[in-house]
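Here's a structure to walk through together.

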Amino acid sequence: MRTRLTLRWQLTLLGTALVALVSALLLWLGWLLVGGVAASVPSLPPGTPVRVGSVEVPAEQVTAAVRDAARADVLHAGLIAFPLVVLAAGLTSWVLVGRVLAPLHEVTATARRLSAENLDARLGLREARGELAELATTFDAMLDRLQGAFEVQRRFVANASHELRTPLSVLRTEVDVTLADPDADVAELRRMGEVVRDATRRADDLVSGLLLLARTEALGGIAEPARRPVDLRDAGAHAVRVTATEAARRGLHVRTTGGPAPVSGDPALLERVAGNLVENAVRHNVDGGWVEVCTGPLDGGAELRVSSSGPEIDPARVGELFEPFRRGPVPRTGGTAGSGLGLSIVRAVVAAHGGAVRAEPVPGGGLTVVVRLPTGFG
């Protein structure tokens, strides 16, 4: 197996090699400089005898000998100092690189401790400076986002499981009771069929809502919706026509006001926004109440406003209505509970289109939801 050097070893060896290279270069330059200095010393005319000890030698040999001796001394001292300098550089690099990489080891250790059930670990490197401090802050911020996303996912899955369990339990109970009755007649079977149909429709609506919510959240995170011209006034009018039968049955007074509200976006998703808002306004209303759908242009965009009468809503809890499976109060005068995904889908679609949505209670009871979308996005 091939052993891979750690980053600490790699940086230490790199630093030591650079110091060794520079030291060798300085030693070579010193050797050349000493030889040049010795050769430049004034000398006697060539052939002049010079007595060294008891021996006479020519003057030019004396100069060469002095130069060679000086170079030998420099080389001897350099060969002693060179390994000491390289060793000191290696030790210093090892220590400094270790201190620099210490926060990275903490990041690695923290990442190893993390799991889907344990996302509360944080680095908290208060002594880090510069790029390492930025890395630690970014890592902790990423963990905060991951923890929030996992908590939302767990809550969403738990709520979805609970919501799907209800219609499935109704189906199983109705079938078991009917099959256990040997005297069940056609009327009883028809009654069971109606209950099964309603439970199946509720489960289908819930699954469709979950799929649509997942699609819109994916669009907001990794892609952008299709760009096509859409008039929010037409989308609101279509939603009013779809809910006209239920609104008439409950005696609601529905009114549409305003003018054209052109935007650019996914027609199916934007029609679903208007449809969800109007359906909620009809479903969570009181018999004989009112619904108003208003559209119009804004600076650089358009607005869709859906207001309705209904039960009183605590202003402090209005924001919770945009969370999945959060339902508003349902009156006892004929309203039916939905899947609790309507406003969640609205928020996801609006966010995917670069818009904003807000809600506020109507004095005396009811709710107003305002959607603002830009004319274009990208």
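What follows is a short tour, from a sheet to a helix, then to a core and a tryptophan.

Keep in mind that this is a predicted model. Let's begin with the sheet. Five strands make up an open sheet, and they run in the order β4-β6-β7-β9-β8 with mixed pairing. At the edges you'll find β4 (253-258) and β8 (356-361); each has a single partner strand, so one side of each has no neighbour in the sheet. On average, neighbouring strands are turned by 10° against each other, if you ignore direction. Over at the β8 end, β8 and β9 pair in the antiparallel sense over 6 bridges. If you want a spot to look at there, A359 stands opposite V369 in β9.

Now for the helices on this sheet. Helix α5 packs on it and touches β4, β6, β7 and β9, with a direction at about 165° to that of β6. Helix α7 packs on the sheet too, touching β6, β7 and β9, and its direction makes about 20° with that of β7.

Let's stay with α7 for a bit. This helix covers residues 267-283, 17 residues in total, and spans 24 Å from its first C-alpha to its last, close to the 24 Å expected at 1.5 Å a residue. How many of the residues of α7 are buried? The count is 12 of the 17, so the helix is largely enclosed by the rest of the structure. Among the buried ones are L269, L270, V273 and L277, but also N276, N280 and R283.

In soluble globular proteins, nonpolar side chains tend to be buried together. Here, the largest nonpolar core has 36 residues, and L277, L304 and V371 touch the most other members. The elements giving two or more residues to this core are α5 (232-242), α7, β6 (290-298), β7 (301-308), α8 (342-352) and β9 (367-374). Helix α7 supplies the largest share, 8 residues. Zoom in on L277: leaving aside neighbours within four places in sequence, this leucine is in contact with L304, V306, L343, V346, V369 and V371.

Last stop: W31, which lies in helix α1 (residues 7-39). Is W31 buried or partly exposed? Its relative accessibility is 29%, so W31 counts as partly exposed. Beyond its neighbours within four places in sequence, W31 is in contact with R71, V74 and L75. In that stretch of chain you'll also see D73, 42 residues apart from W31 along the chain, with 9.2 Å between the two C-alpha atoms.

Technical notes:
Residues are numbered from 1 along each chain as its sequence is written. This is a predicted model: local features need pLDDT of at least 70, side-chain atom pairs count only at pLDDT 80 or more; totals for chains, interfaces and linings use all residues. Side-chain values use heavy atoms; hydrogens and water are left out. Helices (H or I, at least four residues) and strands (E, at least two) are DSSP runs, numbered from the N terminus. The expected span of a helix is 1.5 Å times one less than its number of residues. Buried means under 20% relative accessible area, exposed over 50%, partly exposed in between (1.4 Å probe, protein chains only). A nonpolar core is a set of buried Ala, Val, Leu, Ile, Met, Phe, Trp, Tyr and Cys residues joined through side-chain atoms within 4.5 Å. Contact means heavy atoms within 4.5 Å. Two strands pair if DSSP finds at least two bridges between them. Axes are lines fitted to C-alpha atoms, for helices over the stretch in contact, and angles run from 0 to 180 degrees between N-to-C directions.
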